[in-house]
Structures are given as structure tokens and as C-alpha cells.
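Keep the sequence and the 3D view open as you read.

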Amino acid sequence: MSASQAILAGWMEIPSSAVNDQVRTQAEDETLSALVGQYAGTLYRVAFSVLRNPADAEDAVQEAFMRVLRHRDTLGEVRDQRVWLIRIVWNIVLDRKRRAKTRPETDDVAELARVLPSGGLSAEEIASAAQHHAHVLACVDQLPAKERQVLMLSAFEELTSVEIATVLGITESSVRSRLFRARNLMADLLNHARSLR
Amino acid sequence: MNSNAQNPMTNGSAAISALQADDVEATLRLIARLPAPAGLEDRVEAALRSRPRTASVLSWPIAVEPGSNWMRAAAAAAIVFVVAGGGWGIYSHVQQPQAARVIVMPQHLAAPGGFSSAGAMRTPQTLNGPVLAKPVAAPPLQAVQAVQAKPSRKAPAPVRPVQPAAASKVTAQPAK
């Protein structure tokens with residue numbers, strides 16, 4: 001082998017750093033795949049509770065995992081991955097909700113009637129239930145943002161008050177006080193709505 | 001407890017509020033329990049795989065780790081150097097016009113009781129022409145003429161005429 005061939009072979013050889021990168025990338029892909037399998041459903045339900053649209057919720061979940069992929073170097077430093085992921089998707093859906101135009105309430109009713117479990121109910125009962133839920137959700141939308149967020153997250157049974165506080169970046173006592181205020185405000189709103197009927 | 005017993009309306013409205021709160025929470029829990037659509041995980045994973053990754057075609061001759069801090073610091077220092085150098089270059093080339101210097105002349109006061117200048121104003125001297133530090137003396141006219149009259153070749157030395165005094169001395173010697 002001549003000297004020039006030896007130099008070329010040295011340049012064409014795959015460096016050890018590239019092999020390490022490949023191994024690391026593969027490990028990160030496996031971790032990410034495991035996260036998707038474990039938490040995609042939870043993230044979807046969180047996203048749907050805010051956006052109330054299946055396609056938008058799925059997009060939000062995909063965007064959340066894209067962000068995770070972008071910051072996969074810091075994945076090992078995350079203490080509670082579930083709460084971390086919920087926080088990511090929560091910020092995404094709030095941002096989307098803020099930018100989205102206000103949709104008519106009839107869209108929500110139709111969407112709820114399509115999505116809600118029928119459970120052997122007739123079509124009329126399903127429509128009535130969907131209308132009722134849409135009315136309640138419309139009242140929830142009238143709450144101040146801080147109270148509304150706590151109320152919506154408290155509906156997720158898998159989230160403790162400490163975890164809700166972590167997602168929202170507030171203290172646990174703030175979560176409890178906001179939840180108390182939200183319930184009182186909701187009662188007032190529903191009373192007001194019933195008196196108008 | 002006492003207040004509730006004294007005011008049954010309060011108790012009743014509290015019960016209604018509790019019912020309404022339960023109603024709200026039931027709706028929210030119903031939404032929160034909705035199952036994710038089938039195949040969501042596969043679609044998310046497919047989207048993650050289809051995302052273009054930043055592939056490195058050429059590898060650096062030296063092993064540069066992604067998290068190497070010294071490389072980042074060097075790059076940041078280079079950027080700062082370039083930006084600061086460019087800024088200084090622009091600053092040094094574009095100078096603000098300086099304000100005209102004003103020389104304040106001392107006010108001339110007439111000497112009390114002395115001679116007056118009769119309204120004469122001192123004017124500054126204008127610039128003179130170039131002055132030579134060592135004035136070159138002009139050569140004398142005779143010397144110039146002698147140089148002009150001098151032939152280029154050396155002429156034979158003229159024959160000196162015998163002086164009459166010396167000749168007389170020779171002739172005056174007595175014969176021995």
C-alpha cells in the first residue's frame with residue numbers, strides 16, 4: 001500500500017466519535033419511543049381537555065414529543081418525566097388556545113356528541129348530554145385563567161396537587177386556594193345561567 | 001354549624017353549590033378520561049422518525065464532543081472579537097466633525113494716560129515665502145568669468161619672463 005492510499009484509508013475510516021454518536025442516538029431513540037408508548041395517551045387527554053378537538057390534540061402531542069427530541073440531551077436530568085411532559089404539552093395547548101379563534105359553541109356540542117361514550121344511550125340522550133357538557137364547559141371557559149387551569153388539571157385523577165403545582169409553576173397552597181375559588185365561581189356562573197333560563 | 005342552623009337558605013345554597021361543583025367536576029372528569037385514539041403512539045413515532053435530523057457528512061479531524069465547553073467558548077470569543085472589531089473599524093473611520101476652534105484674543109486696553117494706538121488694529125502676519133536656513137552666497141563675478149575663460153585642457157605653463165633685476169645681478173659680477 002502506497003503512502004497516499006494509507007492516508008486516504010485513514011480519512012475514510014469511521015472515527016470513534018461517530019460510532020459513539022450513533023450509539024447515543026440509538027439509545028435516545030429507544031428512550032423517546034418508550035416515553036411515547038407510556039405517556040402519549042395521558043398527554044393526548046390533557047391536550048384534548050383544553051383544545052376539545054381530536055386532531056388538534058394529536059398535533060399538540062406530536063409537537064410535545066418533537067420538543068423532547070430537540071432537548072433530548074437534557075432528558076437524563078429530568079426527575080419526573082411524566083410531569084415534565086405534561087408541563088410541555090400544557091404550555092403548547094395553552095399557546096394554541098390563545099392563538100386560535102373562538103369557535104362557535106355548536107361545534108363543541110357536535111364534537112362532544114361524537115366523542116363522548118354512548119353507553120347504550122339513545123341518540124337524543126347523547127345529544128342532550130353533549131349539550132349539557134358543552135354548557136358546563138362554556139361556563140368553565142368564563143373562569144379567570146388561573147382558576148380555570150387549576151380546575152381543569154384537577155380533573156385528572158393521576159395528578160396530585162403537588163404535581164399540578166409543578167405543572168403550573170406555583171405552590172401547592174396556591175393550587176388549593178385557586179381550586180376553592182374556581183368552584184365558588186363555577187357555582188355562581190351556573191346559578192346565573194339557570195336564573196336566565 | 002350555628003350559622004347553617006340559623007340560616008337554612010345558606011345550607012340549601014351550599015348543597016346546590018356542591019351539586020353544581022360535582023356536576024362540573026363530573027363533566028371535566030368525563031373529558032379527562034376520554035381514551036386516546038387508536039394508533040396514536042405509532043403516528044407520533046412515525047412523525048418523530050420522519051423529522052430530518054442534523055446529519056454530519058464530514059467529521060472533524062479532532063474529536064469534538066457536542067457538549068465540549070471550550071469549543072463553545074472559543075466560538076463565542078471569536079464572534080465577540082469579530083463584532084467588536086467591526087464596530088471599532090466603523091467607529092474609527094467615521095469621525096464626528098470637530099467644532100471650530102475659536103481663539104479668544106485678549107482685549108486691547110488703552111494704557112491710561114499713555115500713548116494711544118489711534119484705533120489701529122493689529123493684523124496677524126501673513127505667511128511669508130519659503131525661507132532658506134543657510135542663504136547661499138552668490139559667487140563673485142571675476143571668478144565666474146575665470147571659470148568661463150579657462151580652457152578645458154590644461155595649457156602649457158607660460159614661460160616666466162626673466163626679471164631685469166636678476167639679469168643685472170648676473171652681469172654685475174666681477175670677473176675673477
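## Overall make-up

Chain A has nine helices and zero strands. Helices (H or I, at least four residues) and strands (E, at least two) are DSSP runs, numbered from the N terminus. From the N terminus on, the order in chain A is α-α-α-α-α-α-α-α-α. Chain B has six helices and zero strands. Its pattern along the sequence is α-α-α-α-α-α.

This is a predicted model: local features need pLDDT of at least 70, side-chain atom pairs count only at pLDDT 80 or more, and totals for chains, interfaces and linings use all residues. Residues are numbered from 1 along each chain as its sequence is written, while chains are lettered from A and ligands numbered from 1 in the order in which they are written.

## Confidence

pLDDT is the predictor's confidence in each residue, from 0 to 100. Chain A averages 81, and 83% of its residues score at least 70. Among the elements of chain A, helix α1 (residues 3–12) has the lowest mean pLDDT, 50. Helix α8 (residues 161–168) of chain A has the highest, 91.

## Burial and the core

A residue is buried if 20 or more other C-beta atoms lie within 10 Å of its own, exposed if 12 or fewer, and partly exposed in between; C-beta atoms are placed from the backbone. In chain A, 29% of the 197 residues count as buried. In chain B, buried residues make up 5% of the 176 residues.

In soluble globular proteins, nonpolar side chains tend to be buried together. A nonpolar core is a set of buried Ala, Val, Leu, Ile, Met, Phe, Trp, Tyr and Cys residues joined through C-beta atoms within 7 Å. The largest one here holds 52 residues. L43(A), A47(A), A60(A), V61(A), A64(A) and V89(A) touch the most other members. Helix α2(A) gives the most to this core, with eleven residues.

Two residues are in contact if their C-beta atoms, placed from the backbone, lie within 7 Å. Leaving out residues up to four places away in sequence, A60(A) touches A47(A), L51(A), V89(A), I92(A), V93(A) and R96(A).

## A loop residue

R52(A) sits in the loop between α2 and α3 of chain A. Its phi is near 55°, a positive value in a residue other than glycine. Is R52(A) buried or exposed? R52(A) is buried, because 21 other C-beta atoms lie within 10 Å.

## Two crossing helices

The axes of α7(A) and α9(A) come within 8 Å and cross at roughly 100°. Axes are lines fitted to C-alpha atoms, for helices over the stretch in contact, and angles run from 0 to 180 degrees between N-to-C directions. The two helices, α7(A) and α9(A), are therefore roughly perpendicular (65 to 115 degrees).

From α7(A), residues including V150(A) and L151(A) meet residues of α9(A), among them L179(A) and A182(A). Helix α7(A) is mostly covered: seven of its ten residues are buried. V150(A) and L151(A) are among them.

## Where the chains meet

The contact takes 34 residues from chain A and 24 residues from chain B. On the chain A side, α2(A) supplies the largest share, twelve residues. That side divides into 24 nonpolar, seven polar and three charged residues. Ala, Val, Leu, Ile, Met, Phe, Trp, Tyr, Cys and Pro count as nonpolar, Asp, Glu, Lys and Arg as charged, and the others, Gly among them, as polar.

Methods: Angles under 35 degrees count as roughly parallel, over 145 as roughly antiparallel, 65 to 115 as roughly perpendicular and the rest as oblique.
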